Amino acid sequence: MAAEHSVGFEPADRLAEDRDSVRRRFWRKLKRVAAHLPFTEDLLAAYYCAFDRQTPRHVQASLLGAIAYFILPFDFIPDVMPVLGFTDDAAILATAIRMVASHITTEHREAARAALKRGVDPAEE
């Protein structure tokens with residue numbers, strides 16, 4: 001039975017356990033929607049932190065859960081809805097980042113800015 005705090009997030013929880021799938025699907029969705037997201041840099045910094053080997057496992061799990069929710073094709077507020085579509089994704093990501101903010105380093109933020117500069121291309125990932 002799902003823990004009370006994760007009710008409704010089971011698909012994201014399952015997806016977060018498959019790190020390779022999260023990587024692939026993250027870059028595909030990010031390329032499609034990056035221009036419409038005001039939180040792209042934070043999302044990328046969270047991604048780099050989640051896949052950093054120096055990041056503690058519990059932090060990785062929190063961030064991977066938030067990233068998995070972002071890449072799911074369905075969620076509480078469908079992403080295709082103008083203006084509101086990514087508000088639930090942003091709220092979940094902001095909560096995860098707030099919980100683990102001390103682990104998102106300058107290097108993660110610099111990697112996020114570099115990815116944005118090269119056009120969100122995972123070629124170097």
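Let's start with how the chain connects to itself: among contacts (heavy atoms within 4.5 Å) between residues at least 6 apart in sequence, 63% join residues at least 24 apart. What you are looking at is a predicted model, in which local features need pLDDT of at least 70 and side-chain atom pairs count only at pLDDT 80 or more, while totals for chains, interfaces and linings use all residues. Residues are numbered from 1 along each chain as its sequence is written, and side-chain values use heavy atoms, with hydrogens and water left out.

The chain has 6 helices and 0 strands, giving the pattern α-α-α-α-α-α along the sequence. Helices here are DSSP runs of H or I with at least four residues, strands are runs of E with at least two, and both are numbered from the N terminus. Of the 125 residues, 43% count as buried, where buried means under 20% relative accessible area, exposed over 50%, and partly exposed in between (1.4 Å probe, protein chains only). The accessible surface comes to about 7,400 Å², and 56% of that belongs to carbon and sulfur atoms; the areas come from the Shrake-Rupley method with a 1.4 Å probe, and for residues only the protein chains shown count as cover.

Now step inside. A nonpolar core is a set of buried Ala, Val, Leu, Ile, Met, Phe, Trp, Tyr and Cys residues joined through side-chain atoms within 4.5 Å. The largest one holds 34 residues, and the members touching the most others are Phe 26, Leu 30, Leu 43, Leu 44, Leu 63 and Phe 70. At least two residues of this core come from each of α2 (19-33), α3 (40-50), α4, α5 (87-100) and α6 (106-117).

Beyond its neighbours within four places in sequence, Leu 43 is in contact with Phe 26, Leu 30, Leu 37, Ile 67, Phe 70 and Leu 93. Its C-alpha atom is separated by 9.4 Å from that of Leu 63, 20 residues apart along the chain.

Leaving aside neighbours within four places in sequence, the residues in contact with Gln 60 are Arg 19, Cys 49, Ala 50, Asp 52, Arg 53 and Thr 55.
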